[in-house]
Amino acid sequence: MSEPIIAGVDGSRGALAAVLWAADDAARRGCDLRIVHVEEPLLHGGQPYERSADDPVRREGERLLAEAAAMVAESRPNLHTSTELLFGDPDEILRAQAAEAAVIVVGSRGIGGFTGLLLGSVSLGLAGHAPGPVVVVRGTPAVVQGEIVAGFDPEDAVHPALDYAFEEAQARGARLWVVHAWDLPSSRVSAAFPLDLEFIAQARQKHVHDMLSPWLNRYPGVIVTESVFRGNPIAALCETSAHADLVVVGSRGRGVIRSAMLGSVSHGVLHYASGPVAVVRPRA
Ligand SMILES: Nc1ncnc2c1ncn2[C@@H]1O[C@H](COP(=O)(O)OP(=O)(O)OP(=O)(O)O)[C@@H](O)[C@H]1O
Ligand SMILES: [Mg+2]
């Protein structure tokens, strides 16, 4: 039995969009869907408040789980769906759930935050720490494009995002657009030393292609386009993914903030991509 796809709900519309995305993905992958809601503990003078069976907060948690499950039952009556009400810190509990999931799916925003906030703390925390693929859903795309974009840096030590992107493209019968953006360390370098930019670009293109060959061999059915751009990777990925069904990135690269759990590219794409984003961290 494969691991379930898990979706987190908090009563927001963003979370319901995440549940629908997760239900479609579970149907495609032939796995179960688990919908979870985490209720934060209420402290009374530093002591956790014990919740009885008819506690209004517990009842509300059960109600919003039932609402999400009913929505799935309507659109996907054959999908095996379960719900779970958990108590604790949402960030911590959902991270533990991610370890048991094939994929964990959340909305970009929930019921908290403020108008204009692009990403809530729960989705950011999960993307920054959870093992395996975390999908952050922003809106529900009106039409299926049949295309997935994957950000690729051949210099990264491991490529769990590429594994996920190829798997997902295969499951969907979608095309995969692998995007690599590069730039010179600073424009002063090119001013001081005349560089053969065409030569560098071609060498990059070849390096990307060579590094991709194990995946191209493993997934012969996936139609792949390789694009190498000179410029900012966040802009390249947000632009290329504007009409894609999903953009997939690794959790962090080799950027300057080595202690950060989320690289600047994944952080930027999570904030500015117009559609769903998968951030994929290696499993322990
Ligand atoms: N308590 C929770 N239980 C389960 N899933 C949750 C919970 N809270 C948030 N989520 C999931 O995370 C997504 C984003 O919500 P998040 O809480 O990060 O944003 P927010 O509420 O807008 O801002 P804030 O950081 O102020 O809470 C939701 O759409 C939902 O999928
Ligand atoms: Mg919230």
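Reader: What stands opposite Val136 in β12?

Author: Val277 does. Five bridges join β7 to strand β12 (residues 277-281), and the two run antiparallel. Strands here are DSSP runs of E with at least two residues, helices are runs of H or I with at least four, and both are numbered from the N terminus. This is a predicted model, where local features need pLDDT of at least 70, side-chain atom pairs count only at pLDDT 80 or more, and totals for chains, interfaces and linings use all residues. Residues are numbered from 1 along each chain as its sequence is written, chains are lettered from A and ligands numbered from 1 in the order written, and side-chain values use heavy atoms, without hydrogens and water.

Reader: How do you know that β6 and β7 pair?

Author: Pairing takes at least two bridges found by DSSP between two strands. Strand β6 (residues 103-107) and β7 have four, in the parallel sense. So they pair. The chain crosses from β6 to β7 through helix α4 (residues 121-129).

Reader: Why is strand β7 called largely enclosed?

Author: Because six of its six residues (132-137) are buried. Buried means under 20% relative accessible area, exposed means over 50%, and partly exposed lies in between (1.4 Å probe, protein chains only).

Reader: Why is Val228 called buried?

Author: Its relative accessible area is 18%, which is under 20%, so Val228 counts as buried. Val228 sits in strand β10 (residues 224-230). Its contacts (heavy atoms within 4.5 Å) include Trp182 and Arg204, leaving out residues up to four places away in sequence.

Reader: What makes Arg28 and Glu168 a salt bridge?

Author: The definition asks for a side-chain nitrogen of Lys or Arg within 4 Å of a carboxyl oxygen of Asp or Glu. The closest N and O atoms of Arg28 and Glu168 are 3.5 Å apart. So the pair qualifies. Arg28 lies in helix α1 (residues 13-29) and Glu168 in helix α5 (residues 160-172), 140 residues apart.

Reader: Which of these two partners is buried, and which is partly exposed?

Author: Glu168 is buried, at 0% relative accessibility. Arg28 is partly exposed, at 31%.

Reader: What makes Arg34 and Glu84 a salt bridge?

Author: Their closest N and O atoms are 3.9 Å apart, within 4 Å, so this pair qualifies too. Arg34 is in strand β2 (residues 33-39), Glu84 in strand β5 (residues 81-87). Arg34 counts as buried at 15% relative accessibility, and Glu84 as partly exposed at 30%.

Technical notes
A crossover is right-handed if, with the strands pointing away from the viewer, the path from the first strand over the helix to the second runs clockwise.
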